[in-house]
Amino acid sequence: MEGSTREKFLHTLMRYQEKFGQAKASAIQERFWLERERVVAESAAEIDWFPSWKKNQILESLLEKAYRDLIVEMEREGLS
């Protein structure tokens, strides 16, 4: 399908919204943003000295599990 886990998450979220509506999709998005904030806060000291392009790569890598977990949850609710 898509190249990255992030792209797959976004595609799955769009399909989820089409099937279950904006409110449920917004709840998934909110959970992702909370997890992203947690990851950023926990790893800020370790990645702060990297250039911004590298910080983004590292952050995406750290968010892989959050993407995968939310994809599985949305698929479990009835997406295939």
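Reply: The largest nonpolar core of this predicted model has 13 residues, and those with the most contacts inside it are Phe9, Leu13, Ile28, Phe32, Leu63 and Met74. Such a core is a set of buried Ala, Val, Leu, Ile, Met, Phe, Trp, Tyr and Cys residues joined through side-chain atoms within 4.5 Å, where buried means under 20% relative accessible area (1.4 Å probe, protein chains only). H1, helix H2 (22-47) and H4 each supply at least two residues of this core; helices are DSSP runs (H or I, at least four residues) numbered from the N terminus. Ile28 touches Phe9, Leu13, Tyr16, Leu70, Glu73 and Met74, leaving aside residues up to four places away in sequence; contact means heavy atoms within 4.5 Å.

Helix H1 (residues 5-20) packs against H4 at an angle of about 30 degrees, their axes 9 Å apart. Axes are lines fitted to C-alpha atoms, for helices over the stretch in contact, and angles run from 0 to 180 degrees between N-to-C directions. H1 and H4 are therefore roughly parallel to each other, a term for angles under 35 degrees. On the H1 side the contact includes Phe9, Leu13 and Tyr16, and on the H4 side Leu70, Ile71 and Met74 are among the residues met.

Residues are numbered from 1 along each chain as its sequence is written. Because the model is predicted, local features need pLDDT of at least 70 and side-chain atom pairs count only at pLDDT 80 or more, while totals for chains, interfaces and linings use all residues; side-chain values use heavy atoms, with hydrogens and water left out.

Technical notes:
Parallel < 35°, antiparallel > 145°, perpendicular 65-115°, else oblique. Buried < 20%, exposed > 50% of the residue type's maximum accessible area, 1.4 Å probe, protein only.
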